[in-house]
Amino acid sequence: MQSPETFPAFADEARLQLHHNGRLRHLLTLKGLDRELLTELLDAAQQFVTPTGSIAARRDSLRGRTIANLFFEPSTRTRASFDLAGKRLAADVLNLDVNTSSRKKGESILDTIYTLQAMHVDVMVVRDASTGVPAYIAQHVEDHVSILNAGESDISHPTQGLLDLLTIRQRFSGFSGLAVAIVGDIAHSRVARSAVHGLHTMGVQDIRLVSPSAFAPGKDEMTFATVTDELDVGLRNANVVMALRIQRERIADLEGILDVEDYSANYGISAARLALAADDVIVMHPGPMNRGIEIESTLADSAQSVITQQVSNGVAVRMAVLEHVLSTLAGR
Amino acid sequence: MQSPETFPAFADEARLQLHHNGRLRHLLTLKGLDRELLTELLDAAQQFVTPTGSIAARRDSLRGRTIANLFFEPSTRTRASFDLAGKRLAADVLNLDVNTSSRKKGESILDTIYTLQAMHVDVMVVRDASTGVPAYIAQHVEDHVSILNAGESDISHPTQGLLDLLTIRQRFSGFSGLAVAIVGDIAHSRVARSAVHGLHTMGVQDIRLVSPSAFAPGKDEMTFATVTDELDVGLRNANVVMALRIQRERIADLEGILDVEDYSANYGISAARLALAADDVIVMHPGPMNRGIEIESTLADSAQSVITQQVSNGVAVRMAVLEHVLSTLAGR
Amino acid sequence: MQSPETFPAFADEARLQLHHNGRLRHLLTLKGLDRELLTELLDAAQQFVTPTGSIAARRDSLRGRTIANLFFEPSTRTRASFDLAGKRLAADVLNLDVNTSSRKKGESILDTIYTLQAMHVDVMVVRDASTGVPAYIAQHVEDHVSILNAGESDISHPTQGLLDLLTIRQRFSGFSGLAVAIVGDIAHSRVARSAVHGLHTMGVQDIRLVSPSAFAPGKDEMTFATVTDELDVGLRNANVVMALRIQRERIADLEGILDVEDYSANYGISAARLALAADDVIVMHPGPMNRGIEIESTLADSAQSVITQQVSNGVAVRMAVLEHVLSTLAGR
């Protein structure tokens, strides 16, 4: 970001995103949301899930409402998913490519927000490469506006976390007793962090974070999870294996320590290695995949893979979150 | 513009934009529009104004109509404002990023217009860095198409002028007796020109144009306004102070004559300097702001500021203009 | 394309695009479609044609359906035409600028397709600079998804071919006995290929391909057409003359053989040269035009020109194709 602004760490995002009646008014992070609320969101999302090949779920609940997609980082799939979620609820959707216009003119992020707020935008969906942007914005909007975090630096991607929970719940009908392995660059993954916080809240006790040591999580975070650099340890009897997208640039930065071939050999998920996992194991990936690197291509297309279900569930989850926050605002 | 076309000055834009029944069929400039017509537009816009926090105004008057946003210059706020105005009237809105496609292929601007016309586009919203483009296009379209100027070089930005008028009228209930100071780079400001023409028509007799001499208006234009390079003279007893966005590049071009610090010290609007103004003074800015340069940041957020109301009014004004020109076309 | 994928030539696109009931389920090429099916599509499109100046045709047949415009090559007019076609049938339209996001991240084209399919996208409109992409995609989507080719390398542009047929049929009420000359860079023209295949199927026996020898078609293709490098031979008694857009870069590549002035002198279509043609000759161009190079500017705007009708027909044809493939899918 070229903005001169800095975004101070906000101590209590969990509180900030809740209305005093306990319902969500923003969605900034899954951290701190309780099991009852997550379950309510998953139940609402499940209503919007229709089989592939059937007509998409749709209703007119947001007619007259305006949703702005404010992506300061480029995105195809998350932007498209929010776009469709809004349109299928009959909202007006405004897609703003912020890099190429107001940021170029040096407008501060808050003035962009105030402008959209003044245009009666009800929900702003924000993706930003800087830590703290969604919470910073949420502290500044008026109480008729909702902020949804669509990806925040390495920190948080709560709708991704929800769609991962929904996908797991559809297969296993619950979370208790599951072993979940998340494999890849944990240190830099907002996907991993949101999944871990959601899984922990939902009662998963055996969470394993598998990565080369250079990509291990910080010592003080996600302490309820097991950290290992051995893939086989992570996979043994796992019910869920989530492969993370590897950023080649990050590996290139580790010159002399790790290269892509090493990574693939030691941390790539393949059908052969999955023999260690539980019989009912499912394989997840947030996309976009580097086939043949972090995941074997044939495995990604196999019956063990739930990767396309994750995408379908993404639209359903975003519809549910949009309806939820707007009903919170309506009752304020 | 890379186009080889030149756009000849058009002597009678005011006439060109009027249907023979006296109603607007294009909106090219506020210059030459009479008080009755401006009042009708402001009254129509006022109907679409709803308090911040309430649901946006909406009706289905343009269902089946198509609006194309043709921005040859990048824009976030004006493009978003027209986009929402169209959608909230139930029109189909086509957003064209013309820089990256047909201009690249060397298609002339008229052929782009003829193409959209053939696709049954009813209204084309045009922003261009070249003088004369909106009038040039308006001379060439068929009589079922309306052209709205969304920003033309340094010359004209009529919907901005209308939203400024509406904002002033909301606060003062009228225009007579008001003193209005416009401060900044008058020479290069389409915002200032449209505001001045609108204010003059509405009966404001005390209009002050305040700028460093390098940015003063031409000697032969806006002769009914007072020109000064002294901010205090401009502010004294003013009811309305409009700060213009300063383009740092333009100041850089004046190397040795003016720098940004000088500019801010001598022409930046602050609460302290506003002590000279009338008690009921309001502060306006077209956005995006350079906080701390042309306007003190705390002032922009104070009760004297009507900057976010300007943005809200922008959507309302554009809805009113869209309905007006389409009703003119329908009755042709 | 930066993708490492290659797209193998597919021997039987004609079969691939047909449902077993004989109706279109994709539209990949006009080659191999029979006269009955083309006539059905033209008849359906004709229903959506309304006079210029009247309100655009519209119906709610695709409400709840989702169309994704996936343009891997930039386009204004074809993208806008599909966008409007979808919106005027009440579909949700998703515009994806694929260059700037997922391709940048190295996602394979198939994973992009699988993602959209999982989001319940019903129709994907694909433009790509690589040969074979639409057929490749069509082989991989599930049977509830339709692929429409919106321009494929030099090979095929079937909706352009259909709009050309519709435009000719409107003027001549049929195809038998017509002489059609296509003039320009035949070798690199997907427009020419789709037109030729459509015209041949519809019964046009006198098709003339006119180009400098460097731009002549391959020896084994379109063998039912006459190939010549003499414009006068091509124009004599022609009822339809279609000028193709010339790519200046391609001429620059022929340094020493041909330059733009030569090209224009020898192959540019002018009113004077059209004296050789039939009295009722019409002039076509797919756009965007290089006025003064492949076509005389005044001729393009004359009564002999049907260029803007082509554009209008483009929207109608795309509406018809969208309805057709979705009705095929609904009956699967």
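How many residues of chain B are in contact with chain C, and how many of chain C with chain B? In this predicted model, the interface pairs 22 residues of chain B with 24 residues of chain C. On the chain B side, two elements each supply at least two residues: the strand β2 (92-97) and the helix α4 (109-118). The leading contributor to this side of chain B is α4(B), which gives four residues. Sorted by class, the side of chain B that touches chain C comprises six nonpolar, 10 polar and six charged residues.

A second contact was examined within chain A. The domain assignment divides chain A into domain 1, made up of residues 13-157 and 313-330, and domain 2, covering residues 158-310. The contact between the two domains involves 28 residues from domain 1 of chain A and 23 residues from domain 2 of chain A. A distance of 25 Å separates the C-alpha centres of these two domains of chain A.

On the domain 1 side of this contact in chain A, two or more residues come from each of α2 (35-47), β4 (146-152) and α12 (307-330). Of the elements of chain A on this side, α2(A) provides the most, with six residues. The class composition of the side of domain 1 of chain A that touches domain 2 is 12 nonpolar, nine polar and seven charged residues.

Definitions and conventions
Residues numbered from 1 in each chain as written. Chains lettered and ligands numbered in written order. Predicted model: local features only at pLDDT ≥ 70, side-chain atom pairs only at ≥ 80, totals over all residues. Contact = placed C-beta atoms within 7 Å. Nonpolar A, V, L, I, M, F, W, Y, C, P; charged D, E, K, R; others polar. Domains from an automatic or database assignment.
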